[in-house]
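Dear colleague,

Please find the structure below, together with a short account of what was found in it.

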Amino acid sequence: MKHSFIALIEDKCTSCMLCVRECPAWCIHLDSHTVDVTEEGARRPKKVNVLDSFEIDYSLCMYCGVCIDVCPFDALAWDEHRALVTTNREDMLLGIEELGPSGSS
Amino acid sequence: MTRYALTSDPSVSVEVVSASLACCTLELQAALNSGALIQVSEGGTGPSVIVIAGTVTDALVPSVLELIDSYPGTKVMSFGACATSGGPYWDSPPVSKGIDQFVEVAAYVAGCPPRPDAFIQAIQELSLNRAS
């Protein structure tokens, strides 16, 4: 297993913030909001988190994998097909689209 | 200053100067000796690269800049999280938050430490962009 990239599987993320709080370098930024979902037969609407933004700052990331270990929904995973080399520091801050697992799009 | 060429494509070669500051130095040595690069004799047209590997403290900044100035025309590679942004020490007062505050950086290599293949990829990209 190569530790060369951490990918986000967006569908599995519940915006629980565990990865953000456990990251030793504080390199993950996450923003979300809640919506009410009314299910048939339910007595009251259910609150559901919706992920707005998810960013990993690869200029800080230590590739320690704590976020992957701590995620209860396996929304983060090692992606061994990519290594990040950039000519611009701003390009090291990756959002949801850039963090998708390789081979997905 | 040592010239290295890619084992897979010996026409791609770079001259590497290592600014050894902290633990990334060992990782840089591992990358240089991983088998993907071969040491070649003088000559070749590839660019010269000075690799800043490790934590740059504020006290070390003048020495690092002096080293960079002593190799005019050399591209600067920021190797690892510390050289790029301070890395895990970003909230430590005596650690500089990235060498790009002081010099222009041609390539950033992510990782703490970066994998050898990330270094090889950076070398390839710097060689391809040698005209610019």
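Chain A contains three helices and six strands; helices (H or I, at least four residues) and strands (E, at least two) are DSSP runs, numbered from the N terminus. Their order along the sequence of chain A is β-α-β-β-α-β-β-β-α.

Please note that this is a predicted model, in which local features need pLDDT of at least 70 and side-chain atom pairs count only at pLDDT 80 or more, while totals for chains, interfaces and linings use all residues. Residues are numbered from 1 along each chain as its sequence is written, and chains are lettered from A and ligands numbered from 1 in the order in which they are written.

The C-alpha atoms of chain A fill a box of roughly 55 × 25 × 25 Å along the principal axes. Of the 105 residues in chain A, 29% are buried (20 or more other C-beta atoms within 10 Å of the residue's own, with C-beta atoms placed from the backbone).

The contact between the chains takes 17 residues from chain A and 20 residues from chain B; two residues are in contact if their C-beta atoms, placed from the backbone, lie within 7 Å. On the side of chain B that touches chain A, the elements giving two or more residues are α3 (81–85), β6 (107–109) and α4 (116–128) of chain B. The largest share, five residues, comes from α4(B).

Strand β5 (residues 85–86) of chain A runs antiparallel to β6(B), joined by two bridges; strands pair if DSSP finds at least two bridges between them. A:Val85 has B:Val109 as its bridge partner in β6(B).

Yours sincerely

Key: A residue is buried if 20 or more other C-beta atoms lie within 10 Å of its own, exposed if 12 or fewer, and partly exposed in between; C-beta atoms are placed from the backbone.
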